[in-house]
Each structure stands twice: as structure tokens, then as C-alpha cells.
Amino acid sequence: AAEPAFPPTRIVSLSPATTEILFALGLGDRIVGVTSFCDYPPEAKKKAKIGGMSNPSLEAIVGLKPDIVVMTTDGNPREVDDRLRSMSIKTYVWTARTLAELPRGIRELADAMGATERGEKLAREMEEGIEKHRSRKSGAGNQKKVVYIVWPEPLLVAGPDTAIHDAIALLGLENVAGHAPSSYPRYSIEELIRASPDVLVIGKGAGMDIRTVSQGILKKLASVPAVKNGKVCYVSDNLYRLAPRVIQGIEELDACVR
């Protein structure tokens with residue numbers, strides 16, 4: 001096969017987070033295809049769609065004649081990578097899963113896209129944003145307990161291995177669901193009442209008024225310290241993806257828990 005173009009001028013991105021990062025690196029005009037979940041920045045919605053993260057259409061990807069397909073270990077199947085490589089389509093696999101790994105991930109992706117300088121600048125901004133909020137609070141026992149509700153009914157909360165969990169820990173707080181068996185575990189109202197959180201954070205749901213949707217659950221949690229003391233915050237979806245917006249997400253969380 002002919003040597004793929006470098007820097008790549010036709011990029012397909014198979015995850016919302018990598019799409020956001022590629023746009024933040026100023027490479028939006030080189031992106032020719034994205035998944036149906038890639039909705040940020042708004043320009044991403046105008047790109048050709050190749051299906052979902054777990055079931056992208058290989059035909060659609062191949063039809064876009066990409067120089068490189070950017071994938072992630074967090075949601076794209078290994079087989080897709082294998083199939084693309086077998087067809088001599090170059091792939092780049094994003095592996096960063098934590099807030100601490102984000103700057104390095106950005107640098108490496110930018111290098112692979114021929115945007116090293118911009119990658120360095122963006123990675124530095126991320127490092128400074130993370131460092132600025134690193135908690136100086138130490139000493140066990142006096143940490144505020146936080147629950148981050150991703151969806152009110154059925155009740156889904158943010159657990160380990162999420163940017164949300166990393167942000168909570170960064171601010172010196174305790175994520176009540178930090179030891180759950182999955183990243184976004186289902187919780188019962190009883191478990192939440194037992195956990196007795198000091199702060200309740202409710203993330204923005206897609207296409208709905210989250211305040212209205214959350215009224216029912218807040219009534220059921222009336223006895224919890226967070227609700228009794230009025231420490232219920234509604235935040236954006238900035239922490240849902242490991243992408244540059246997490247810095248704003250950390251700021252929102254910080255403002256909310258003070």
C-alpha cells in the first residue's frame with residue numbers, strides 16, 4: 001500500500017473525547033468522519049457519521065478514505081482496529097483513561113497528527129488547570145462526601161475510572177461510589193441515604209431539564225445532609241469525557257463543594 005499521508009489530512013475519530021481533542025488541536029478541518037455520539041464542538045455534528053462507538057460501520061469508515069482512524073481503548077472494540085489494519089488503514093489508539101494521563105495523551109496524539117506545538121500548548125494548559133485545583137487538604141476523616149448523579153431514575157452515579165471520580169479526588173473529597181464495581185454503577189435510594197453524602201452533584205442530561213427530572217429523587221433523599229443543607233448542585237456535562245473541557249468541569253465542581 002502507498003505510504004499514508006503525513007501529517008494525516010483525512011482523519012476519522014471513533015470517540016467523542018478524541019473528536020473534542022482533535023478540534024481543540026485545531027484539526028477540525030481534517031476530520032472527515034465521527035461517531036453519532038460526537039456532538040462537541042457543534043461543528044462535529046456536521047461531519048459524516050460512521051455509526052456508534054461499539055459498532056462503527058467499517059464500510060462507512062473505508063468509504064471516507066481516511067489517512068488515519070483515531071480510536072480509544074475506552075469504548076471501541078479491538079476487532080475494529082484489527083480489521084482496519086488488515087485493510088492497511090492506519091490507526092491510532094488513544095489509551096489515556098485518567099485525568100493524570102490526559103496531558104500525556106494529548107501530546108502523543110498531537111505528535112501522531114503532526115501538531116506537536118499545539119499539543120504541547122494544550123497539554124500545558126491541562127497540567128496548569130489540574131495543578132491549580134490540586135487539593136492541599138490532607139488528613140482522613142474530615143473529607144466531604146460527594147455523590148455525582150449522572151442519571152436520576154434509574155439512579156446512576158459516577159464511580160471509579162471516570163474523569164468525574166478523578167476530579168472529586170483531586171479536590172480532596174471522597175466519592176461515595178469510589179469503590180463501586182463499575183464506572184457508572186446503579187445505586188438504590190437506600191444505599192444513597194446510608195452513604196449520607198454532604199454534597200449532591202447532578203450532571204446535565206441530554207436534551208432535558210435535569211432540575212425537573214431530579215425533583216422526585218430529591219424528595220426521596222430529603223433526609224440526607226446534602227439535601228437538608230442545600231448542597232445540591234446542577235453542573236454541565238464537562239466532566240463526562242476525558243477532554244479539554246474537564247478543566248471547566250473541575251472549576252464547576254470546586255465552586256459547588258465550597
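Trainee: What is the torsion about the S-S bond of Cys 233 and Cys 256, and is the disulfide right-handed or left-handed?

Mentor: A disulfide is a pair of cysteine sulfur atoms within 2.5 Å. Here the torsion about the S-S bond is about 100°, so the disulfide of Cys 233 and Cys 256 is right-handed. The two sulfur atoms lie 2.3 Å apart. The structure holds 1 disulfide. A word on the source: this is a predicted model, where local features need pLDDT of at least 70, side-chain atom pairs count only at pLDDT 80 or more, and totals for chains, interfaces and linings use all residues. Residues are numbered from 1 along each chain as its sequence is written, and side-chain values use heavy atoms, with hydrogens and water left out.

Trainee: Which parts of the chain does the pair link?

Mentor: Helices (H or I, at least four residues) and strands (E, at least two) are DSSP runs, numbered from the N terminus. Cys 233 sits in strand E10 (residues 232-235) and Cys 256 in helix H10 (residues 246-257). The two are 23 residues apart, so the pair links distant parts of the chain.

Trainee: Is Cys 233 buried or exposed?

Mentor: Buried means under 20% relative accessible area, exposed over 50%, and partly exposed in between (1.4 Å probe, protein chains only). Cys 233 has 13% relative accessibility, so Cys 233 counts as buried. Cys 256 is buried too, at 7%.

Trainee: At what angle do H6 and H10 pack?

Mentor: Two packed helices are described by the angle between their axes and the distance between the axes. Axes are lines fitted to C-alpha atoms, for helices over the stretch in contact, and angles run from 0 to 180 degrees between N-to-C directions. Helix H6 (residues 163-170) and H10 pack at about 50°, their axes 10 Å apart. Under 35 degrees counts as roughly parallel, over 145 as roughly antiparallel, 65 to 115 as roughly perpendicular, and the rest as oblique. H6 and H10 are therefore oblique.

Trainee: Which residues of H6 and H10 meet?

Mentor: Contact means heavy atoms within 4.5 Å. Ala 163, Ala 167, Ile 168 and Leu 170 in H6 meet Val 246, Ile 250 and Leu 253 in H10.

Trainee: How do H4 and H5 pack?

Mentor: Their angle is about 175°, and the axes of H4 and H5 are 8 Å apart. That makes H4 roughly antiparallel to H5. Among the contact residues are Leu 102 and Ile 106 of H4, and Leu 122 and Met 126 of H5.
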